[in-house]
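Please consult the sequence and the structure shown below.

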Amino acid sequence: MVEQITLYTGELCPYAHRIELALAEVGAQFTRYEIDLFNKPEWYARKVNPASKLAESLILVEFIADLFPVSPLLPSPPVERAEARFFIDTFANKFYPAYMGFITGAEPKEPLFAALEALQNLLVQNGRKKFAVNDDFTIADAAVLPFFARLETVLSNDLGAYDEGEGKQVLNTLATDPKYKVFWDYFQRLKARESFKKTYWPDEVSELMKVRLGPFKLAERHKSKA
């Protein structure tokens, strides 16, 4: 029997969201404790994590899968496990830098499109299953969904440090251009999961991202006026 789980998390943090998704997917009962990630309570380091940071999310996602082995979160076939980890590695090395670069104004939109194409190619290579690896929601899907959701929130509200309206244009391209149909359909299936609906609050994330990206947006405006 799994002992009582307490999750120390922050609704802005996509890494913490990975863990909440995993817990929801396996149907775990847990106590949720919201932490201000930018101003953690002094007891957090002493009682929870001496490093004073949220534990590495992918390790915890796999730990949850091990706690609930009957769930399909961690695929049983070794090949599918390798495919899940390769999907995550591609995401980490290609999508994440492009995503952060675009929303902070450090990079144009082209690397973001290229990164999404790279992930889409993996979806095609896997036979266009419902999710990243197979027809079940796995660690690969839990790893990427929080970031895709935040990208959509930033773009739809034009919160990033780019030209006014560019975020909505990028989102419209992803949603309507046949070139990205495989990715977009996959993203829609991810968002339809009850685990996602229970763990994502777009309005709150939008407000928090507005604060976080505000300095980058202001710097971009000053740079364009210079």
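The model is predicted: local features need pLDDT of at least 70, side-chain atom pairs count only at pLDDT 80 or more, and totals for chains, interfaces and linings use all residues. Residues are numbered from 1 along each chain as its sequence is written, and side-chain values use heavy atoms, with hydrogens and water left out.

Helices are DSSP runs of H or I with at least four residues, numbered from the N terminus. Helix H6 covers residues 139-156. Of its 18 residues, 16 are buried, that is, under 20% relative accessible area with a 1.4 Å probe and protein chains only. H6 bends by about 30° at Leu145, and Pro146 follows within four residues; the bend is the angle between axes fitted to the seven residues ending at a residue and the seven starting there. After H6 comes Asp158, whose phi is positive, near 50°.

Helix H4 (residues 78-103) packs with H6 as tabulated, with axes being lines fitted to C-alpha atoms over the stretch in contact and angles running from 0 to 180 degrees between N-to-C directions.

Residues making the contact (heavy atoms within 4.5 Å) include Phe91 of H4 and Phe147 of H6.

Arg193 lies in the loop between helix H8 (181-191) and helix H9 (194-199). Leaving aside neighbours within four places in sequence, Arg193 contacts Glu25, Phe131 and Phe137.

Technical notes: Helices (H or I, at least four residues) and strands (E, at least two) are DSSP runs, numbered from the N terminus. The expected span of a helix is 1.5 Å times one less than its number of residues. Buried means under 20% relative accessible area, exposed over 50%, partly exposed in between (1.4 Å probe, protein chains only).
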